[in-house]
Amino acid sequence: MTLVTRRRFLGGIAASSVLLHDAMAKAAPASETMPRTQADFERLHARKATAAILPADIGPPTPIWGFGGTAPGPVLRSRAGERLRIAVENDLDVPTSVHWHGIRIDNAMDGVPGLTQDAVAPGETFAYDFVTPDPGTYWYHSHDRSWEQNARGLHGALIVDEAEPWEGADRDIVLVVDDWRLTGTGSIEDSFGQMMDWSHGGRLGNLVTVNGRYKPRVAVRPHERVRLRLINAANARIMDIGLGSATTRLLALDGMATPLADMAGPVRMAPAQRADLLVDFPASPTRLAMTIETRDGPVAIAEIAVSGEPVRAQFPAPIGLPAAGLSVPSDPQDARRVELRMQGGAMGRMSGAMHEGRMMDVRALVEAGRIWSFNGVAGDMDEPLARFERGRTAIVKIRNETPWPHAMHVHGHHFRVVSRDGASVVDPVLRDTDLMMPDETIEITFVADNPGKWLVHCHMLEHAAAGMMTWFETV
Ligand code: C2O
Ligand code: CU
């Protein structure tokens, strides 16, 4: 592809993003700004900074965009049932917003520009103020041009502690796993918006970090029992994370408690998914590798140094987390059924889709920065997928008619995947993001009990930007 053609591509994408934003803005409420002096709000600045992603002997610091000037941003903590008040101040020179991924949240606080708020302009502040109803491991991230802003570092962990302290582990450790696409001199490759990434598996990085560092050391003690809170913050990478010989059990997925289960191998996390693991470390000092699976086998992404005095002689029996407080009926009689067909992508079978109110062939779609569609529409946001009366049970049948995996995310709700390829799922867990394989069909169910406008999109952020996005409304 010549440079000129590529420029036209990029121009096309930028222009159509603006149009999308304008179309959505019509329905948006006025932004809620607040004086910078208001007390009892924690302040979170979105700003430019540099970060030592690479060790000093390998490369210079990397210019990033980060909440609080770090990537990931600070770990925010709340308690189940309590209110979190965060004033996000935008010190960047572009608009931004914050989405609190996985929280059953007041819709006005969901952080989606054009749907639930106006983007926070440079120099402005948005006061996010909401209850965190469910304990668990969540995260927050930019939701404005998230395919660029997340990749530059605008995200962090949000931990909601149990209302009654849970005493099944000695402590918890939050590990945000991310990937970066860095140049030889350690800066973030400025290749955002490439149709090559958008039409394939998304923007994959060339360096995997844990808590923003390349191969950091995590210190634990012999016979320590730790609750590891893993978060996949990458734009598009599916991660299989292993912990070598440590005894590992699954505690929770996407924040919601699962029955305690022994884990035999790595835990798989699609972009935006979380897993809480209960890990028993060995009795004597040693070094373990935290690994990610690659085509060439597992590669170390962090070193776990087990050292010091043993915490105990013997582990007590492990205990799980209290069951999630949220329930979803698994075979409702009067559910409202909706279908969502996913098409497009490289090597896909899509011949065209509706965009900006007209039918376009693939060539015209690509010119407009679109290559995926939901129900034949490539990312137009004028009409919702469905409107539900409040309290109605929804069953959404999602067909992945593409040769690519996708991480399907529903804002503000956890759902159960009740069937895969027609076979019902036994004991379905609660998730806010599900990894769908090529040509797979699933049925998800949730109760539409929270009024407002909620996005449904692929969390491979390039796919969302290129057409895999819709919304539903609960009225
Ligand atoms: Cu992590 Cu639209 O979401
Ligand atoms: Cu996708």
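First, the conventions. Residues are numbered from 1 along each chain as its sequence is written, and chains are lettered from A and ligands numbered from 1 in the order in which they are written. The model is predicted, so local features need pLDDT of at least 70, side-chain atom pairs count only at pLDDT 80 or more, and totals for chains, interfaces and linings use all residues; side-chain values use heavy atoms, with hydrogens and water left out.

Now the domains. The assignment, which is automatic or from a database, gives domain 1 (6–161), domain 2 (171–306) and domain 3 (336–474). In the contact of domains 1 and 2 (heavy atoms within 4.5 Å), 36 residues come from domain 1 and 34 residues from domain 2. About 2,900 Å² is buried between domain 1 and domain 2, with carbon and sulfur atoms giving 65%. Buried area here is the accessible area, with a 1.4 Å probe, that two parts lose on being put together, summed over both.

That interface also has 3 salt bridges, the rule being a side-chain nitrogen of Lys or Arg within 4 Å of a carboxyl oxygen of Asp or Glu. D172 pairs with R77 in a salt bridge, and their closest N and O atoms are 2.8 Å apart. On the side of domain 1 that touches domain 2, α1 (3–25), β2 (62–67), β7 (136–142), α2 (146–149) and β8 (155–161) each supply at least two residues. Helices (H or I, at least four residues) and strands (E, at least two) are DSSP runs, numbered from the N terminus.

By the salt-bridge rule, the count comes to 38. One salt bridge joins R85 and D129, at 3.3 Å from N to O. R85 is in strand β4 (residues 82–90) and D129 in strand β6 (residues 125–132), 44 residues apart.

H406 belongs to strand β26 (residues 406–410) and H463 to helix α5 (residues 461–465), 57 residues apart.

Last, the backbone. Most residues other than glycine have a negative phi, and most peptide bonds are trans. A71 and P72 are joined by a cis peptide bond, with omega about 0°. N211, not a glycine, has a positive phi of about 50°, and N211 sits in the loop between β10 (207–210) and β11 (217–220).
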